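This report walks through one protein model, from overall layout to single residues. Please look over the sequence and structure first.

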Amino acid sequence: MCYDFEKIESKWQLNWTKNKTFKTSEDLTKPKFYCLDMFPYPSSQGLHVGHIEGYTASDIVNRLKRMQQYNVLHPFGWDSFGLPAEQYALNTGNHPKDFTYQNINNFKKQIEKLGKGVDWERELSTSEPYFYQWTQWIFKKLYEKNLASLQEIEVNFCEELGTVLANEEVVPTEDGLVSERGSHPVVKKKMKQWVLKITDYAERLLEDIDLLEWSPQLKEMQKNWIGKKEGFIFDFSLIDVKDKKISVFTTKPSTIFGVTALILAPEHPLVAELTTPECRNDVDEYVNRTKRKTNLERDINKEKTGVFIGSYAINFANQKKIPIWIADYVLPHYGTGAIMTVPYHDSRDFEFARKYDLEMIPIAKLPEETPTSPSEKKELQEEQEIKVEDGIFINSDFLNGLNYEEANRKIIAVAQKNNWGQVNFTYQMHDWVFSRQRYWGEPFPVYYDENDNIYLNSDAELPLELPSVEKIVVSGDGTSPLSNISSWIYFEKDGQKFRRDSNTMPQLAGSSWYYIGYILKNYLGMIPLNTDKAKELLDYFLPVDFYIGGTEHAVGHLLYSRFWHKFLFDLGLVSSKEPFLKLVNQGMILGHDNLKMSKSKGNAVNASLILEKYGSDVLRIYMMFMGPLEDSKSWSEQGLKGVQRFLNRVYHMFDSFEVVAQEFAPLKKIMNQTIKTVTEDYENLKFNKVVSQLMIFVNEAYKHQKIDQKQMKIFLQLLNPLAPHLTEELNQTVLESSEELVYSQWPTYDETLLTADTVDIVVQINGKVKAKIQADKDQEKEAILALALKDNKIANLVEKGQIVKTIYVSNKLLNLVVRFDSRC
């Protein structure tokens with residue numbers, strides 16, 4: 001018997017909308033639970049199966065916690081500013097706002113059709129002025145606290161397109177960088193950009209990772225991205241340049257006697273000054289080639305290249321004259337943008353020195369042997385790495401005979417005494433370039449006078465809204481399309497001429513604090529972030545208790561959100577150190593061929609069509625039954641059909657079984673066990689196991705074709721987070737309950753009933769399994785034998801022979817040794 005899922009699901013979705021079922025309570029005395037999805041960019045493609053997996057998981061938690069009597073906040077919104085909408089506008093001549101909000105309406109309908117229990121009164125979009133007013137306000141505070149500054153930054157510039165491109169719009173090729181759109185050449189160009197000093201928070205971002213219930217892999221990704229290293233900065237004097245020094249960061253200061261060259265990043269500020277006339281052409285050519293490479297290409301490039309710039313420094317440790325080179329594998333933002341080469345004991349330095357015939361000085365020997373020449377070094381390099389950490393120092397003056405730790409301590413003490421340098425910590429993470437040469441983003445709340453002095457818009461002038469335009473036009477000179485709108489860019493105030501900033505903020509600006517926006521959202525827009533009422537609400541709801549989304553945000557959104565949250569903590573606006581207490585990354589849904597879904601491969605799944613064919617409840621259960629939430633899983637329509645059969649069996653159970661008012665004892669024990677198992681598995685996000693246990697209960701109920709009313713109600717409660725539509729319908733129509741399940745109290749179990757008083761005993765004949773019987777626990781062998789002989793199959797077999805021996809393993813196994821008549 002199949003139930004009419006379309007009729008049932010549309011009925012209950014309308015009911016939840018009309019009655020505002022999932023509206024968050026204003027009672028701040030109740031225990032709270034903040035359940036949050038990473039909000040999506042509202043693309044034209046709308047909902048895909050990857051979305052459904054995460055949104056279903058969060059809704060299960062949302063519904064469970066409501067029934068456990070928490071005050072649940074489960075909002076939804078839209079990351080609606082950003083690059084894709086602007087690219088569409090440029091391609092079609094349409095306005096990005098129209099396109100974006102059409103997509104939002106479509107996406108929202110799909111979310112509602114999924115049966116997701118959202119408090120839609122808290123819906124927000126980052127492109128709404130009431131929201132980005134406070135994004136602008138936070139930027140003002142960052143500027144006031146010296147955490148935002150204008151800097152000359154290298155950007156990706158495409159002359160053909162006349163615009164700056166984000167890294168994701170650039171494609172590396174053998175010939176250099178090209179634009180993703182049109183494959184036009186892209187070069188590096190210095191432009192003034194707003195930069196946020198996230199590095200000022202690097203230490204706190206590292207320390208507080210331990211406060212988070214995140215996966216070890218995700219924590220490690222953030223730690224590696226921040227990339228803290230402890231080391232020492234040496235200051236090298238220059239020959240023929242008396243007033244300048246080159247500062248070099250190293251994690252191995254004890255290797256100073258093995259330094260045979262300094263290598264600078266091509267972008268190092270001293271390169272131009274230190275390049276001699278005879279080296280100028282080679283250096284300029286190399287610098288220009290480097291500009292056509294991404295940092296990733298430079299970092300992983302196996303072939304080491306470089307150019308001598310013609311100048312020399314002095315190694316203060318041994319007074320040797322050492323050459324200065326540039327090489328693209330040295331990155332400007334790491335350390336000081338300069339390294340010292342120790343070719344005998346570093347593989348990259350060795351490759352570089354061998355290629356360019358630089359001196360190599362061995363400064364450590366292994367216990368068994370002491371290499372003394374480059375040829376020996378080469379031979380050893382192929383067999384094992386000479387690590388100074390494992391050796392004894394040689395050719396190192398006052399460090400000779402010391403091990404690595406002893407040598408480090410001594411050189412640091414001597415270097416600090418002689419003012420050669422100082423202990424330093426460095427971070428691989430660099431500051432956040434916060435400007436985008438785009439129209440569709442948050443305008444900066446700043447303006448400039450004719451002398452380029454910076455002024456902030458007052459709070460009363462916020463939000464500073466985007467100007468209304470019919471069509472976005474590319475500037476052609478690398479500046480934002482806003483630079484073409486003179487009536488907005490230029491204005492007068494108190495008789496003085498000013499200009500606004502034509503750049504806008506990146507898409508990550510709004511997503512760095514949107515979880516706070518949900519809490520403050522009201523019918524007027526937003527409760528002001530800097531008010532006592534806001535503080536009361538934020539103290540109650542934060543941190544987010546459960547956050548779910550993809551791993552692609554590990555070192556982007558999640559890192560920047562933590563940075564902004566800590567800044568707001570320092571302002572006294574929030575009281576929690578971290579924004580997201582527990583974070584879960586759902587696994588990827590693969591195609592039926594175990595490959596990533598894509599239209600070109602023909603393995604993509606249309607979520608809307610699946611919803612139309614099977615309904616929301618079937619799809620929700622199937623997505624959770626596929627496997628562990630955080631694992632990658634392959635799509636199979638057969639699995640959907642299996643879940644459909646299960647829900648039809650549930651419907652038949654309520655439609656056809658005999659229902660009794662008194663407790664039905666045969667199901668009492670498994671009901672109690674199911675409550676315990678399902679509750680624990682829901683809490684541990686093992687939703688596939690929840691489905692399995694509910695199927696086990698249904699199978700057991702089918703054996704009896706009978707169930708009591710309380711058991712029916714409890715079963716519906718347990719299934720409700722997974723299949724909310726069908727369970728609410730059966731609760732209302734079959735059980736005739738006036739209380740919706742979503743408002744009911746989550747069932748509890750009886751500990752005393754969890755101890756098994758019966759056991760399943762395997763019955764063998766001559767070592768082969770023939771039956772399984774149920775018996776009271778701890779019975780004697782004779783009683784178990786008597787029960788076994790009542791089994792028709794066992795009785796028939798035994799009749800054909802003679803039991804010569806009985807072997808019984810208590811509460812587990814009965815083996816009958818039977819001698820059969822040879823004529824049988």
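## Proline 463 and the cis bonds

P463 sits in the loop that runs between strand 21 (454-456) and helix 14 (486-489). The model is a predicted one. In it, the peptide bond joining L462 and P463 is cis, with omega about 0°.

Another cis bond leads from L542 to P543, where omega is near 0°. P543 is also a loop residue, placed between helix 17 (532-541) and strand 26 (546-549). Most residues other than glycine have a negative phi, and most peptide bonds are trans.

## Positive phi in two loops

N146 is not a glycine, yet its phi is positive, near 60°. The residue belongs to the loop between helix 5 (129-144) and strand 5 (148-158). N146 is exposed, at 54% relative accessible area.

L685 has a positive phi of about 60° and is likewise not a glycine. Its loop connects helix 22 and helix 23. Is L685 buried or exposed? L685 counts as buried, with 11% relative accessibility.

## Overall layout

The protein has 824 residues, and 53% of them count as buried. Its secondary structure comprises 27 helices and 35 strands. The C-alpha trace spans about 110 × 80 × 50 Å along its principal axes.

The chain is divided into domains 1 to 5. Domain 1 (5-123 + 513-601) and domain 2 (136-222 + 431-507) are each given as two segments. Domain 3 covers 228-427, domain 4 covers 607-753 and domain 5 covers 758-820. The C-alpha centres of domain 2 and domain 4 are 50 Å apart.

S435 lies in a loop, between strand 19 (432-433) and strand 20 (446-448). The residue is buried, with a relative accessible area of 1%. Its side chain reaches the backbone nitrogen of W194 at 2.6 Å. Beyond residues up to four places away in sequence, S435 touches Q193, W194, F444, N503 and T504.

Y560 is part of helix 18 (residues 557-570). With a relative accessible area of 14%, Y560 is buried. Which residues does Y560 contact, leaving aside neighbours within four places in sequence? They are I198, W432, L508 and S512. W432 is 128 residues away from Y560 along the chain, but their C-alpha atoms are separated by 8.7 Å.

## Helix 25, mostly covered

Helix 25 (residues 724-733) has 10 residues, and eight of them are buried. These are P724, H725, L726, T727, E728, E729, L730 and N731.

## Helix 27, one face inward

Helix 27 (residues 792-799) has I794, A795 and V798 as buried residues. Seen down the helix axis, these fall within an arc of 100°, so they line one face of helix 27. On the other side, N792 and E799 are exposed.

What do the buried residues of helix 27 pack against? The partners are strand 32 (758-765), strand 33 (768-776), helix 26 (781-789), strand 34 (801-809) and strand 35 (813-820). At the start of helix 27, a side-chain oxygen of D791 comes to within 3.1 Å of the backbone nitrogen of K793.

## The second largest pocket

Rolling a probe the size of a water molecule over the atoms shows where empty space is left. The second largest pocket has a volume of about 590 Å³. It is lined by 19 residues, and those closest to its centre are K669, I670, E700, T758 and Q774.

Which elements give two or more residues to this lining? They are helix 22 (668-683), helix 23 (687-704) and strand 32. Strand 32 is also among the elements packed against the buried residues of helix 27.

Conventions: Residues numbered from 1 in each chain as written. Predicted model: local features only at pLDDT ≥ 70, side-chain atom pairs only at ≥ 80, totals over all residues. Heavy atoms only, no water. Buried < 20%, exposed > 50% of the residue type's maximum accessible area, 1.4 Å probe, protein only. Helix = DSSP H or I, 4+ residues; strand = E, 2+ residues; numbered from the N terminus. Arc of directions from axis to C-beta. Contact = heavy atoms within 4.5 Å. Polar contact = N/O pair within 3.5 Å; in protein donor to acceptor, adjacent residues only side chain to side chain. Domains from an automatic or database assignment. 1 Å grid on protein atoms, 1.4 Å probe; cavity = no way out; pocket = protein on both sides within 12 Å on 5 of 7 lines; lining within 4 Å. Points joined across faces, edges and corners; volume = space filled by probe spheres on them.
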